[in-house]
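Please keep the structure in view while reading.

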Amino acid sequence: MTLVLTLALGVYVSNRLLTHWLLVGGLEQDYIHQKSDIQSILASHAVETQKHPLQELQGLRPSLSSETLAHSPVSSRTIAEIRKVLEHKYVDSTILDTSLVYPSKDVNDSSGLPRFAQIDWLAENKLTSVRTLNHAWAAFNSDRPLTIVPDMTWFGAFGSNAIVVFNPDKSQGVSPSLVLLVTQSGILKSLSGLIWSISAAIGVLCLISFAFAAILLWMRFYDQVRTNSNFQYLAHHDTLTGLPNRAVFNAKLAEALRLAQAKASNVGVMLIDVDKFKEINDTHGHGIGDVFLQVVGERLQTVFHKHLVARLSGDEFAVLMTSVSDPARMTRLAADMIAATTAPCIIDGNEIKLSLSIGIARATDGSWRVSRLLHCADLALYNAKHSGRSTFSWYTPGLDAEAQKRKEVENGLVKALKLDQFKLLYQPQYALRDGTLRGYEALVRWEHPSKGEIRPDLFIPIAEDCGLIDEIGTWVLNNACREAMLWEDLNRRVAVNVSAAQFVAGETQKRVAQALHNSGLDPSRLEIEITESLLISNTEAVIETLRQIHDMGVSIAMDDFGTGYSSLSYLSLFPFDKIKIDQTFVQNLGKDPSTDAIVTSIVGLGRSLNVTITAEGVETEEQAVLLSAAGCDLVQGYMFGKPDSVKRHESDFPVFPHNEDGGFWFPQQRKKAPEAPKITLSPSLAQYATISDTPESDKAESVTG
């Protein structure tokens, strides 16, 4: 608007100035021819005045009447000459009135006013602006021989008349100036078409100039404007999915809670996490992972199209529900979302399994806050993920107690690392062929100062969730190598588990090398056990890390083979030295024909690949016999020894005698039962007791006989 007003003002001002300039030029063209004649007449009058000085001179208005001539101090001859000159025919103007005006300093005037002020054209409404007389007065006092003064107001309105001032040559003596009142409407009318054409051209030029300037400014600030716009968008949206970000979600949730408190309504929140997204990234690359997140965002918007869907972090999304907040409908929506994940997700020809875990929380009164509601939804999400994933879970007050326990375990683990409250126990591994003790698997225990010994299955998952598994795993590796160097039998091997959560490509091999260097342990005595879940990523970095560990002379074992993501293709990714059969198969040996076939197949596969086969969780003699018959190499389990100190295991070796009949070795006899403790009798009973070396059978016969 300001630009338009400025443009209009510029065009108007230029129009008025142009009109004034053309009007002055046109009138000058009419009266410039009389300039020399008028000056000659006035000069002649000045000569006469010097010969016959005037006693009193005053301004005259020669109306060319006899009365004017009679009272005029100007000679009749001069008046006649002026009349003759002014009789010239003018093109665009007409002389309306004339005045002969002397300079005030040369006239005895008691009033003190200039004779020019006696002109009454303004009072007679022949002029519209007093500015016209002021300009004419300035022209009268100047040395210019001819001056045109158009009648124009200060805001640009033109009158119908103008003033023409003829000044004499003042070097010739005292002489009056000739002031004419002439018309200007005619010349204004003749110039109107030209003036408006030129004004239009000026307007167009101004418009073009403004447009050009605007283009230059836009080009100058376009990048800045676009950058600011991008900043505004990035401040409120996720760049990958286009969904609102955490800041927007928190603000909307806070507003929804305020409205719910005022209206006594409910607000529901769902936290949604993509299951095993890291494995998708590692397997297919981050590019496909990004597209996968976009697909997740689109499906969320499809199911929750009436609700606010936001992306909070990498693979975590959230849904705010205000119009639907009753448990039944929220449960239905969560079930619909789980069902929507069953549709195939194909990206670049790769079909990727889509699995989501959902945690649901609901604010039921005005006491809820944003942080509390999100915390409850997060507890429900955690419960859903630990309930098998690809499901949803509601928040219940009991989850707070579980979260508190987890928090206590997390804090306790931090202290345990600082105070060295961990210890290692070892479970022996026996060879079925000859019954020899080959080595041990290192198992960590937490010696809690008040709760006693805590098993790893209670704290390792929490350590993986809170990021402490790295430190614990490094502690286990270093201490297992250090303690193995102190064993009496330096032929025993030690196996250390490395979970997928603590395995870092490019770093794990450095930690293994550092542990071997610090302890001085022979690399051939160390065995690293990994699970199949680590190989699901199938990345070159993981394989290269394993190869570097293997090149040190360290053995690599695949733990829990046959469970989880088991695939024969994994065995081709890396030349493993050992395969460990999971205890879930061992427990069903002899009970389930399919389990017997699976174990036999795994052993046969190991034979063909020249890989050692170890069975875990052997607890009965029957299991050991069947494994021996199948050709299994090593066994470990409670039957051969529970996790304990190496000193205790060495003192119990051998647990079972060798098979002296030849063939494969397997347990044939259990250890002898310990002798019964001696009983000390009281003196009153000792007198009736008889000490005899007769065998128990003989005693029985004597009693019965």
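This is a predicted model: local features need pLDDT of at least 70, side-chain atom pairs count only at pLDDT 80 or more; totals for chains, interfaces and linings use all residues.

Asn 479 belongs to helix 14, which spans residues 469–484.

Asn 479 has a relative accessible area of 15%, and it therefore counts as buried, since the cut-off for that class is under 20%. When neighbours within four places in sequence are set aside, Leu 424 and Tyr 426 are in contact with Asn 479.

## A nonpolar surface patch

On the surface, a nonpolar patch is formed by Phe 212, Ile 215, Leu 216, Leu 217, Trp 218, Met 219, Phe 221, Tyr 222 and Val 225, which together have about 930 Å² of accessible area. One of these residues, Ile 215, is located in helix 6 (residues 185–236) and is classed as partly exposed, with a relative accessibility of 47%.

## Positive phi in two loops

Asp 348, although not a glycine, has a positive phi of about 55°. Asp 348 is placed in the loop that runs between strand 8 (345–347) and strand 9 (350–352), and its relative accessibility of 66% makes it exposed.

Asn 610, a residue other than glycine, likewise has a positive phi, with a value near 60°. The loop holding Asn 610 lies between helix 20 (593–608) and strand 19 (612–615), and Asn 610 counts as exposed at 72% relative accessibility.

Key:
Residues are numbered from 1 along each chain as its sequence is written. Side-chain values use heavy atoms; hydrogens and water are left out. Helices (H or I, at least four residues) and strands (E, at least two) are DSSP runs, numbered from the N terminus. Buried means under 20% relative accessible area, exposed over 50%, partly exposed in between (1.4 Å probe, protein chains only). Contact means heavy atoms within 4.5 Å. Patches are made of residues with over 30% relative accessible area and no salt bridge: like charges are joined within 9 Å, nonpolar side chains (Val, Leu, Ile, Met, Phe, Trp, Tyr) within 5 Å. Accessible areas come from the Shrake-Rupley method with a 1.4 Å probe; for residues, only the protein chains shown count as cover. A salt bridge is a side-chain nitrogen of Lys or Arg within 4 Å of a carboxyl oxygen of Asp or Glu.
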